[in-house]
Amino acid sequence: MSDETIRHTGDRPAGTILIRRHSVVTRVTHWLNVLCLAILLLSGLQIFNAHPELYWGQYGADGDPAVLTIGSADGKDGPRGFVRAAGIEIPTTGFLGVSTFEGEPTARAFPAWLTIPSYQDLATGRRWHFFFAWFFVINGAVYLGFGILSGHFRRDLAPGRGQLSASCLWHEIVTHARLRFPHGEEARHYNVLQKLTYLVVIAGLLPMMVLTGLTMSPGIDAAVPALVDLFGGRQSARTVHFITASLLVTFVLVHVAMVVLSGAANNMRSMITGRYAIRESGPKA
Amino acid sequence: MTKISLSRRRFMIGGTLGAAAAALAGYEALKQDDGTTVLRSAEQLTMRTQRLLQGRGALAREFSESDISPSFRVNGSTMPESDEYAALLDGKFADWRLKIDGLVSQPREFSLADLKALPARTQITRHDCVEGWSAIGRWTGVPLGSLLRSVGLKPAARFAVFHCADELEKTLDGSGRYYESIDLIDAFHPQTILAYAMNGKDLAVGHGAPLRLRVERQLGYKQAKYLMRIEIIDSFSGLWGGNGGYWEDRGYEWYAGI
């Protein structure tokens, strides 16, 4: 997000300028990430469907206590779907546990319209997942290398002095909750909530997905035994993988909502061409 | 400035068209063979990377007695259906023999008593099913490497193929017979054993009596049960689907380390 002003525009209201917001590397890796994460999520749900239970610890199979189950059972009017977690069972027929596939109520954890491929096929789901996992890791490495070498992280994402004070954070939270987005000079830079969220995703959630994914691999466990200890077991890692994916989905939903609410066209342009329009304030306007 | 942004725009358009063309080419390749060629390229990358990180000898985690799971799920076949296997089971496997042949200097047959008389290895390891569940059990058996040394491998030897007594899909041509293969790096790995005991008892029928393979750095579908014959070969292109195993012929990766 270098805030170099590109040019004044004739066809915009007076005082509107375009700044160069996102570098080409940020933009390309962002969109490749969208592709990778979408396919990883949907093929991941296909893989989950092969054994729709989560456990904690070193082992877990049918009969062992599960922390989450997406299941199906026979009901009075045909099969019914349910989700069971922490001893609480909620009916989810039609979506989770039992959904319609090719016109028939079918027992499957996530419905066909949410999985890659749509029909139940663990082998193909794994092919898609691991192919795009490599793609995602390489894309992420390019972004991280660029972010460090170009100063993108230090300049645009590291919170500034004073930004982390309680009063400043509270002020940002209140302004965000009221959907008041920064204008003018303030819009040249990310606000502290954006910075912290992006840092949590880039340095926390995305690496967590990779590490918990690797911990499920018996080959990697032999090569790097510390991973199993880090997550307290292979089945814990599988559960954390699922939870982290859910947090990423939550992030994407909020992220897209914020993009739309704070100016969909301007934000999309800045993520495609790199240019972001702001209204200059102060004496120059 | 305008010139720069024009050339950048041109770069962006060119880049987008290029990416679109590459995507289309990829899509065409995908359509031609169900997407397997492109998607399968990741398998080689995964295997090479894991082998680089593991080396030949890195061991799978071994657990303590207290980590053994209370129940070990039986998966795949629970009981081979052939008359031959039924007869062997009736005789408590006294007539069962493990054949080792193919690219070996001295093909041999081992009885269960022969195997039990050889130096054994016991290990408590985690079994990870490709579906996602795990179970921990204690296995005792003969290291495969020591058997292969005793029969002597010919220079062309590359893979060990495990032919099993069970048939997962009833087929007339026998292509539903369970078989698996590993390469010689895994075959000579110290934890690769032919197990005849589990959790201190003779192997139960559900778990592959009288003998099953344990390749601890790979997923459950590699751990072939009901072993009848080990064939040493240089290529598995002539075996059934040509992909090196029952599940591999049905789309699963040959390298099952992930």
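# Gln50(B) and the meeting of two chains

Trainee: What makes Gln50(B) and Ser217(A) a polar contact?

Mentor: The side chains of Gln50(B) and Ser217(A) meet at 2.9 Å. A polar contact is a pair of N or O atoms within 3.5 Å; within protein, one must be able to donate a hydrogen and the other to accept it, and residues adjacent in sequence count only if both atoms are side-chain atoms. The 2.9 Å is within that limit, so the term applies. This is a predicted model: local features need pLDDT of at least 70, side-chain atom pairs count only at pLDDT 80 or more, and totals for chains, interfaces and linings use all residues. Residues are numbered from 1 along each chain as its sequence is written, chains are lettered from A and ligands numbered from 1 in the order in which they are written, and side-chain values use heavy atoms, leaving out hydrogens and water.

Trainee: Why is Gln50(B) called buried?

Mentor: Its relative accessibility is 3%. Buried means under 20% relative accessible area (1.4 Å probe, protein chains only), exposed over 50%, and partly exposed in between. The value is under 20%, so Gln50(B) counts as buried.

Trainee: Which residues does Gln50(B) touch, leaving aside those up to four places away in sequence?

Mentor: In chain A they are Ser217(A), Gly219(A) and Ile220(A), and in chain B they are Tyr255(B), Gly257(B) and Ile258(B). Contact means heavy atoms within 4.5 Å. By that rule, 48 residues of chain B are in contact with 38 residues of chain A.

Trainee: What makes Arg73(B) and Asp62(A) a salt bridge?

Mentor: Their N to O distance is 3.1 Å. A salt bridge is a side-chain nitrogen of Lys or Arg within 4 Å of a carboxyl oxygen of Asp or Glu.

Trainee: Which element gives the largest share of the side of chain B that touches chain A?

Mentor: That is α2(B), with 12 residues. Helix α2 of chain B also holds Gln50(B). Helices here are DSSP runs (H or I, at least four residues), strands likewise (E, at least two), numbered from the N terminus.

Trainee: How do the residues of that side divide?

Mentor: Into 22 nonpolar, 13 polar and 13 charged. Ala, Val, Leu, Ile, Met, Phe, Trp, Tyr, Cys and Pro count as nonpolar, Asp, Glu, Lys and Arg as charged, and the others, Gly among them, as polar.
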